[in-house]
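The explanation below goes through the contacts one at a time.

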Amino acid sequence: MTSNTIAYGIIRAVAIITGVLLLLYFLYTIQSVIAYLAIAAVVALIGRPIVIFLRKRLKLPNIIAVIMTMLLMVSIFAGIVALFVPLITEQSKNLSLLDIDNLQKSLDSLYWEATEYFGASPRVVNEMIEEADIETTILKDFNMGFIPKILNSFVDVLSTVSIGLFSVLFISFFFLKDSKLFQKGILIFIPNDKEGGMISSIDKIKNLLSRYFVGLLLQIFILFVIYTVVLLIVGIENAVVIAFLCALFNIIPYLGPIIGGSIMIILTMTSNLGADFSAVILPKTGWVFLGLVIGQLVDNFFSQPFIFSSSVKSHPLEIFLIIIIAGLLFGVVGMIIAVPGYTAIKVILKEFLADNKIVMSLTKNL
């Protein structure tokens, strides 16, 4: 090996590393655009069955079917937003007139009533907290001053969301109009002799993920109905909005139901501040908790098996392990994209490595 060969190898390695770093930096810089593309692709996958139905059953032209689908999806989104507008308006008005000291006293009162009801005196609770080396009690040093800051930043967030929403809708329209647009973009990077297999994989991925995301919407809707009925029976204000918000958290596997359930319990308790704890707050919270349990039982034994078996065609244990691994590697975002990402990888592996024993075992149901 000559010195020229070694020098050439070093220069080539440095060039490759530099190119990879520049590519990663470029992707990091345009991460918002990548996010818009990913969300638009999901929207297109959800709208795809509707477009197909309008084209094949109602014999509508493609452009008309796409426009009607987009209008339907935008109307649904607008309806969902409209649910939150009264709540946000009411809470903003309440916050502008909010007496922080009175709120602090009400929360303190709720805390002491709860501890006394369950047989834990304030002295015992404080001793337990001090022994655990926690510097402050739950409400003692709780600072409500963050509320005005949230309101001040709301306008900036709204502006960013508006730009993102317009971008997603614009991209989604063209993804639905030309179903091969995304495919053409991917095939640019695929060798000619592999294009046939990749096209087959993309078509299968689109079919599987369309069913998955439609199933996910059905899952959220079922939980939304259960939560709404429970909250209306209990008599919680803004029951529909709270139920939808908590059901929406279910898109985060395993962790989402805990977050949504905690929010529902907290809102139930704080919506009755000043009422008798044992006669009003505790019974209502108990009924809401029972509703949460029923919702999760229905979700775990009906909704999720239906989605995983009929859409992504994966065993529940297999899905569980993939979600946990993705969560450890990439956090909450990894948990959300774990199932669709894993499904896409399985389809591609089956297309190009069908003879591999491991691949055959994992993809036998595809």
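In this predicted model, the contact of α8 with α12 is formed on the α8 side by Gly197, Met198, Ser200, Ser201, Lys204, Ile205, Leu208, Leu209, Tyr212 and Phe213. On the α12 side, the residues they meet are Val339, Pro340, Thr343, Ala344, Val347, Ile348, Glu351 and Phe352. By class, 12 of the residues in this contact are nonpolar, four are polar and two are charged.

Two packed helices are described by the angle between their axes and the distance between the axes. For α8 and α12, the axes come within 9 Å and cross at roughly 150°. Because angles over 145 degrees count as roughly antiparallel, α8 is roughly antiparallel to α12. Their crossing is right-handed.

Some residues of this contact also belong to the largest nonpolar core. That core has 31 residues, and Leu176, Tyr212, Phe213, Ile323 and Val339 touch the most other members. Helices α2 (31–56), α3 (62–96), α6 (146–177), α8 (195–234), α11 (277–312) and α12 (316–352) each contribute at least two residues to this core. The greatest contribution is that of α12, with eight residues.

How much of α9 is buried? Helix α9 spans residues 239–248 and is mostly covered, with seven of its 10 residues buried. The buried residues are Ala239, Val241, Ile242, Ala243, Phe244, Cys246 and Ala247.

Phenylalanine 224 shows the contact at the level of one side of the pair. This residue lies in helix α8. Leaving aside residues up to four places away in sequence, phenylalanine 224 touches Val240, Ala243, Phe244 and Ala247. An α-helix has 3.6 residues a turn, so residues three or four places apart point the same way. Phenylalanine 224 and isoleucine 242 are 18 residues apart along the chain, and their C-alpha atoms are separated by 9.1 Å.

Methods. Residues are numbered from 1 along each chain as its sequence is written. This is a predicted model: local features need pLDDT of at least 70, side-chain atom pairs count only at pLDDT 80 or more; totals for chains, interfaces and linings use all residues. Side-chain values use heavy atoms; hydrogens and water are left out. A nonpolar core is a set of buried Ala, Val, Leu, Ile, Met, Phe, Trp, Tyr and Cys residues joined through side-chain atoms within 4.5 Å. Buried means under 20% relative accessible area, exposed over 50%, partly exposed in between (1.4 Å probe, protein chains only). Helices (H or I, at least four residues) and strands (E, at least two) are DSSP runs, numbered from the N terminus. Contact means heavy atoms within 4.5 Å. Axes are lines fitted to C-alpha atoms, for helices over the stretch in contact, and angles run from 0 to 180 degrees between N-to-C directions. Angles under 35 degrees count as roughly parallel, over 145 as roughly antiparallel, 65 to 115 as roughly perpendicular and the rest as oblique. A crossing is left-handed if the near helix is turned anticlockwise from the far one by less than a right angle, and right-handed if clockwise. Ala, Val, Leu, Ile, Met, Phe, Trp, Tyr, Cys and Pro count as nonpolar, Asp, Glu, Lys and Arg as charged, and the others, Gly among them, as polar.
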